[in-house]
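Have a look at the picture, then read on.

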Amino acid sequence: MSDVKLCSDRGVDYTTLQDLLANGQWKAASRETTRVMLMAARHTSNSELSASDVEKLPCLDLQTIDQLWLASSDGRFGFSVQYQIWENLGKGTDWDSYCQLGDALGWRTGGSWISFFKLTYNLQAPPGHLPFAHKWFFSVMNRFETCQI
């Protein structure tokens, strides 16, 4: 993990995220990812991360977050892994495509979406399973594509 530079265009400190990931604290790291994304987007209210927040994320910050996830999971988790899976599935944005993606990422089982609390928080999870970006997945993927990471 020491080879990932903790860069931010908004002065966000990624040390906590780095430490959580290094210690395999995947659930806490997924929550911390949302927190630092809110900070990088300069989110001002106490509500959840939204599509408009994601659009405000600097590319450098998105890249830093992704690199931390990739490095800590030996390339198993991260937005770039999710992007590649989405791309392989045809990059569809309709409901059926999203359900197919949910199945591939392990966010759905038996045709039902699972909650944040029932995700698999270990390296046996499917590739791209983490970080959990269910509500704002397409926004992250579009921003990721725009940034050409």
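1. Among contacts in the chain between residues at least 6 apart in sequence, what percentage join residues at least 24 apart? In this predicted model, the figure is 63%.

2. On the overall layout: you'll find 7 helices and 2 strands in the chain. Going along the sequence, the order is α-α-α-α-α-α-β-β-α.

3. As for overall dimensions, the C-alpha atoms sit in a box of roughly 40 × 30 × 30 Å along the principal axes. A compact globule of 149 residues would have a radius of gyration near 15 Å, and the chain comes in at 14 Å, so the two agree.

4. Now the inside. Of the chain's 149 residues, 48% are buried. The largest nonpolar core has 45 residues, and the members touching the most others are Leu 17, Trp 69 and Phe 79. Helices 1, 2, 4, 5, 6 and 7 each put in at least two residues, with helix 2 (26–40) giving the largest share, 6 residues.

5. Leu 17 deserves a click. Which residues does Leu 17 contact, leaving aside neighbours within four places in sequence? They are Ala 29, Glu 32, Thr 33, Val 36, Ile 65, Leu 68 and Trp 69.

6. The accessible surface is about 7,400 Å², and carbon and sulfur atoms account for 46% of that. There are 13 positive and 16 negative side chains, and the centres of these two sets are 5 Å apart.

Terms used:
Residues numbered from 1 in each chain as written. Predicted model: local features only at pLDDT ≥ 70, side-chain atom pairs only at ≥ 80, totals over all residues. Heavy atoms only, no water. Core = buried A, V, L, I, M, F, W, Y, C linked by side-chain atoms within 4.5 Å. Buried < 20%, exposed > 50% of the residue type's maximum accessible area, 1.4 Å probe, protein only. Helix = DSSP H or I, 4+ residues; strand = E, 2+ residues; numbered from the N terminus. Contact = heavy atoms within 4.5 Å. Rg over C-alpha atoms; globule rule 2.2 N^0.38 Å. Areas by Shrake-Rupley, 256 points an atom, 1.4 Å probe, with all protein chains shown as cover. Lys, Arg positive; Asp, Glu negative; His and termini not counted. Charge placed at Lys NZ, Arg CZ, Asp CG, Glu CD.
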